[in-house]
Amino acid sequence: QLQFVESGGGLVQPGGSLRLSCTTSGFTLERYYIGWFRQAPGKEREGVSCISSDGSSIDYAGSAMGRFTISRDNAKNTVYLQMDSLQPEDTAVYYCAAVADLGYVPSYWMRYIVDGSWGQGTQVTVSS
């Protein structure tokens with residue numbers, strides 16, 4: 001079973017930045033597309049960004065476009081989410097998960113989560 005560990009969350013003021021990390025153990029990350037999701041209190045989980053296995057294809061949700069940057073370092077078995085210009089509405093638990101290889105990352109990539117691959121999440125709180 002795929003297992004992920006998210007880290008890097010915390011409390012930050014509006015306009016601040018955080019870099020989240022998604023690491024794995026027991027399998028080779030470079031084989032998989034990886035998606036970042038978030039879930040705010042009382043809301044459904046939503047897709048934030050996804051990156052293909054070689055990093056050549058990326059998609060961002062509208063809320064993340066221009067502020068967040070997804071990247072990966074397969075040698076370190078890690079996928080990153082750099083979040084800049086954070087706003088209170090970005091407050092949520094952030095998760096990573098494996099996404100099926102569709103040949104590229106379409107805008108509907110969040111429909112293709114690999115079963116059983118959710119991590120425990122990392123809390124991001126944006127508040128003054």
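Guide: Start with accessibility. Buried means under 20% relative accessible area, exposed means over 50%, and partly exposed lies in between. The model is predicted.

Visitor: Why is Ser-85 called partly exposed?
Guide: Its relative accessibility is 36%. Ser-85 sits in the loop between S8 and S9.

Visitor: What is the phi of Ser-85?
Guide: Phi is positive, about 50°, although Ser-85 is not a glycine. Asn-77 also has a positive phi, near 55°, and is a residue other than glycine.

Visitor: Is Asn-77 buried or exposed, and how do you know?
Guide: Buried, because its relative accessibility is 17%. The cut-off is under 20%. Asn-77 belongs to the loop between S7 and S8.

Visitor: What makes Asp-101 count as exposed?
Guide: Asp-101 has 53% relative accessibility, and exposed means over 50%. So Asp-101 counts as exposed. Its place is the loop between S9 and S10.

Visitor: How far apart are Asp-101 and Phe-27?
Guide: In sequence, 74 residues. In space, 16 Å from C-alpha to C-alpha.

Visitor: Why does Ser-21 count as buried?
Guide: Because its relative accessibility is 14%, and buried means under 20%. Ser-21 lies in strand S3.

Visitor: Which residues are in contact with Ser-21, leaving aside neighbours within four places in sequence?
Guide: Contact means heavy atoms within 4.5 Å. On that test Ser-21 touches Val-5, Glu-6, Ser-7, Trp-36, Thr-78, Val-79 and Tyr-80.

Visitor: What makes a set of residues a nonpolar core?
Guide: Its members are buried Ala, Val, Leu, Ile, Met, Phe, Trp, Tyr or Cys, joined through side-chain atoms within 4.5 Å. The largest such core here has 28 residues. Phe-4, Ile-34, Trp-36, Leu-81, Met-83 and Tyr-94 touch the most other members. Strands S3, S4, S5, S7, S8, S9 and S10 each supply at least two residues of this core. The largest share, 4 residues, comes from S9.

Visitor: What is Leu-81 in contact with, beyond neighbours within four places in sequence?
Guide: Its contacts are Leu-18, Arg-19, Leu-20, Trp-36, Val-48, Ser-49, Phe-68, Thr-69, Ile-70 and Tyr-94.

Visitor: How do you know that the radius of gyration agrees with a compact globule?
Guide: The protein has 128 residues, and a compact globule with that number would have a radius near 14 Å. The protein has 13 Å, which agrees. Along its principal axes, the C-alpha trace spans about 40 × 30 × 25 Å. Of the 128 residues, 47% count as buried.

Visitor: How many helices and strands are there?
Guide: There are 0 helices and 10 strands. Among contacts between residues at least 6 apart in sequence, 61% join residues at least 24 apart.

Key:
Residues numbered from 1 in each chain as written. Predicted model: local features only at pLDDT ≥ 70, side-chain atom pairs only at ≥ 80, totals over all residues. Heavy atoms only, no water. Rg over C-alpha atoms; globule rule 2.2 N^0.38 Å. Buried < 20%, exposed > 50% of the residue type's maximum accessible area, 1.4 Å probe, protein only.
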